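Work through these exercises with the model open beside you. Try each task before reading its solution.

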Amino acid sequence: MSRAPARPFVIGVTGGIATGKSAVLAVLGELGAEPIDADAVYHELIAPGLPLWRHLRDRFGEEIITPRGTIDRRKLGDIVFADASALVDLDALTHPAVVAEIKERLARAASPVVAIDAVKLIESGLADICDRVWLVTCDRDVQRTRLMSRNNLTPDEAERRLVAQPSVSAQAERADLIIDNSGDLSSTQELVQRAWDALPVASQPGG
């Protein structure tokens with residue numbers, strides 16, 4: 001009887017918007033982990049005509065659909081970050097689809113270590129399939145500045161998005177490690193390398 005393939009060791013990377021999760025994921029990828037970006041998965045799942053695209057259109061209306069047929073993520077964001085009930089509905093529609101797709105990718109993973117980057121890793125239930133949960137944080141002013149620059153937002157728009165983020169204190173209770181990403185990239189790389197070296201030897205590529 002053939003043996004089932006070994007399950008990969010899963011690192012869940014979470015934290016608020018614009019805290020630098022992508023930078024942590026990139027470093028993990030350089031170290032040998034297979035990265036899965038939940039936001040990128042979501043973006044793929046809302047391609048025109050796909051089931052999630054239809055669900056979002058039906059819930060939030062044609063106003064979120066661009067002339068090209070794609071979902072206007074900024075317009076959708078303006079809606080849900082101004083209405084808590086709309087954000088709850090968005091999460092209820094998107095989380096099951098994204099989680100299911102990520103689980104499928106885990107089953108196909110080629111690396112013994114997989115790193116999942118997700119803002120709502122804990123809230124969506126993805127943390128339950130992770131062997132380690134790393135919480136990325138940064139100074140609130142740094143976070144706001146990064147968000148405004150990255151998404152071309154006004155201070156008020158950025159603040160609404162920050163206020164809607166999951167509670168950092170609640171995430172910290174679930175996290176195995178907290179990475180302060182307020183500094184520069186080299187500091188982040190050093191912190192991630194140290195955390196990587198502390199993982200169980202058997203979980204690391206070549207270990």
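The model is predicted: local features need pLDDT of at least 70, side-chain atom pairs count only at pLDDT 80 or more, and totals for chains, interfaces and linings use all residues. Residues are numbered from 1 along each chain as its sequence is written, and side-chain values use heavy atoms, without hydrogens and water.

**Exercise 1. Find the order of the strands in the open sheet.**

Solution. 
- Start with the strands (DSSP runs of E, at least two residues, numbered from the N terminus).
- Five strands form the open sheet in the order 2-3-1-4-5, with parallel pairing. Pairing requires at least two DSSP bridges between two strands.
- Now look at the edges. Strand 2 (34-37) and strand 5 (177-180) each have a single partner strand, so one side of each lacks a neighbour in the sheet.
- Check one pair. Strand 2 joins strand 3 (residues 113-117) in the parallel sense over four bridges.
- Locate I36: I116 in strand 3 stands opposite.

**Exercise 2. Identify the strands that helix 1 touches.**

Solution. 
- Helices are DSSP runs of H or I with at least four residues. Contact means heavy atoms within 4.5 Å.
- Helix 1 packs on the sheet and touches strand 1 (9-14), strand 2, strand 3, strand 4 (132-137) and strand 5.
- Its direction makes about 170° with that of strand 3. Axes are lines fitted to C-alpha atoms, for helices over the stretch in contact, and angles run from 0 to 180 degrees between N-to-C directions.
- Helix 2 lies across strand 2 and strand 3, at about 55° to strand 2.

**Exercise 3. Describe how helix 4 meets helix 5.**

Solution. 
- The two axes come within 7 Å and cross at roughly 125°.
- That makes helix 4 oblique to helix 5 (under 35 degrees is roughly parallel, over 145 roughly antiparallel, 65 to 115 roughly perpendicular, the rest oblique).
- L76, I79 and V80 of helix 4 meet A84, A86, L87 and L90 of helix 5.
- By class, this contact has seven nonpolar, no polar and no charged residues. Nonpolar covers Ala, Val, Leu, Ile, Met, Phe, Trp, Tyr, Cys and Pro; charged covers Asp, Glu, Lys and Arg; the others, Gly among them, are polar.

**Exercise 4. State the volume of the largest pocket and describe its lining.**

Solution. 
- A pocket is an open set of points on a 1 Å grid over the protein atoms alone, where a 1.4 Å probe fits, with protein on both sides within 12 Å along at least five of seven lines.
- The volume is about 1100 Å³, taken as the space filled by probe spheres set on the points.
- Lining residues have an atom within 4 Å of a point. Of the 44 here, I17, D39, R73, V119 and R150 are the closest to the centre.
- Helix 5 gives the most to the lining, with seven residues.
- The lining divides into 20 nonpolar, twelve polar and twelve charged residues.
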